Amino acid sequence: TAIFAMSDQKDVALEVHVTNEPSDPSDPQRDGDDAHQALLVATFPPELPYAALRPDETGGLGNGSRVECELGNPLKRGAQVRFFLILSTSGISIHTTDLAVQLELSTTSEQPELEPVVARARVVIELPLAVTGVAVPPRLFFGGQVLGESAMKRESQVGSAVRFEVTVSQRGPVLKTPGSAVLTVQWPLELPNGKWLLYPLILELGTPPVPCSPPANPLRLALVRFRGSRGVQ
């Protein structure tokens, strides 16, 4: 089974090779006549609709889920036809694990045991995610009166302000169903003696809002000066 790696391509090409050759090469005169009204019918899954035909020598007609390709009337004895069906990846989602395209030949000439062929491919989704972060300001100075955790009641008592801005982006096309991704943020929360170092005061959650856990401001300090100044975004 072929493997189809979905990263940033919009289309995928299915190569089709049709021959009209004698069934027994050691006895070529036994059969292998011209095939009249030779036709290929290709049926596609909804995740991989038909987009185009190259080269356009077979007179392909169809819609997104099915295409008919006229191979010749007749398709001569010993003939070989090779072409590509261009399929769109727009319907592939994060849940797509495999794809199957059915190819069925037909002719008005006598052709026993002409069975459909299924072209299968396993799908591997590669999401090019990237994460960047910046601290504002990039340098802090500690000082002032030291308070215990139980003595802190207001935002102004938790020390110097620092804002961490985190951006997650995806390069390439967006999948029909992108699925879910999880970002884990770690920072120096406390000192070896258990005292707070960076206290998570406020989470500003972008658009649309991103659910995060655990919630910020576990001590429920009163926010009195300005929002988003201390903690992690």
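Contact here means heavy atoms within 4.5 Å. By that rule, proline 128 touches Ser169, Gln170 and Arg171, leaving aside residues up to four places away in sequence. The model is predicted. Proline 128 sits in the loop between strand 9 (117–125) and strand 10 (129–136). In sequence, proline 128 and serine 169 are 41 residues apart; in space, their C-alpha atoms are 8.4 Å apart. Proline 128 has a relative accessible area of 23%, so it counts as partly exposed.

How far can the model be trusted? The mean pLDDT of the protein chain is 80. Of its residues, 81% reach 70 or more. Residues 226–233 fall below 50, although this stretch has 36 contacts in the model beyond near neighbours in sequence. Where pLDDT is low, the predicted coordinates should not be read in detail.

Turn next to asparagine 20. This residue lies in the loop between strand 2 (11–19) and strand 3 (38–43). Its relative accessibility is 8%; buried means under 20%, so asparagine 20 is buried. A polar atom of its side chain lies 3.0 Å from the backbone oxygen of aspartate 33. Beyond four places in sequence, the residues that asparagine 20 touches include Asp34, Lys76 and Gly78.

Two of those neighbours, Asp34 and Lys76, also pair with each other. Lysine 76 forms a salt bridge with aspartate 34, with the closest N and O atoms 3.8 Å apart. The pair links distant parts of the chain, 42 residues apart: lysine 76 is in the loop between strand 6 (66–72) and strand 7, and aspartate 34 is in the loop between strand 2 and strand 3. Lysine 76 is partly exposed at 49% relative accessibility. Aspartate 34 is partly exposed at 28%.

The whole structure holds five salt bridges. One of them joins the side chains of arginine 82 and glutamate 15, at 2.5 Å from N to O. Arginine 82 lies in strand 7 (residues 80–88) and glutamate 15 in strand 2, so this pair ties together parts 67 residues apart in sequence. Glutamate 15 is partly exposed, at 43%.

Arginine 163 forms a salt bridge with glutamate 204, the closest N and O atoms being 2.7 Å apart. Arginine 163 belongs to strand 11, while glutamate 204 is in the loop between strand 11 and strand 12, 41 residues apart. Salt bridges with shared partners join Arg163, Glu165 and Glu204 into one network.

Valine 185 lies in the loop between strand 11 (162–170) and strand 12 (230–232). At 36% relative accessibility, valine 185 is partly exposed.

Technical notes:
Residues are numbered from 1 along each chain as its sequence is written. Side-chain values use heavy atoms; hydrogens and water are left out. Helices (H or I, at least four residues) and strands (E, at least two) are DSSP runs, numbered from the N terminus. Buried means under 20% relative accessible area, exposed over 50%, partly exposed in between (1.4 Å probe, protein chains only). A polar contact is a pair of N or O atoms within 3.5 Å; within protein, one must be able to donate a hydrogen and the other to accept it, and residues adjacent in sequence count only if both atoms are side-chain atoms. pLDDT is the predictor's confidence in each residue, from 0 to 100. A salt bridge is a side-chain nitrogen of Lys or Arg within 4 Å of a carboxyl oxygen of Asp or Glu.
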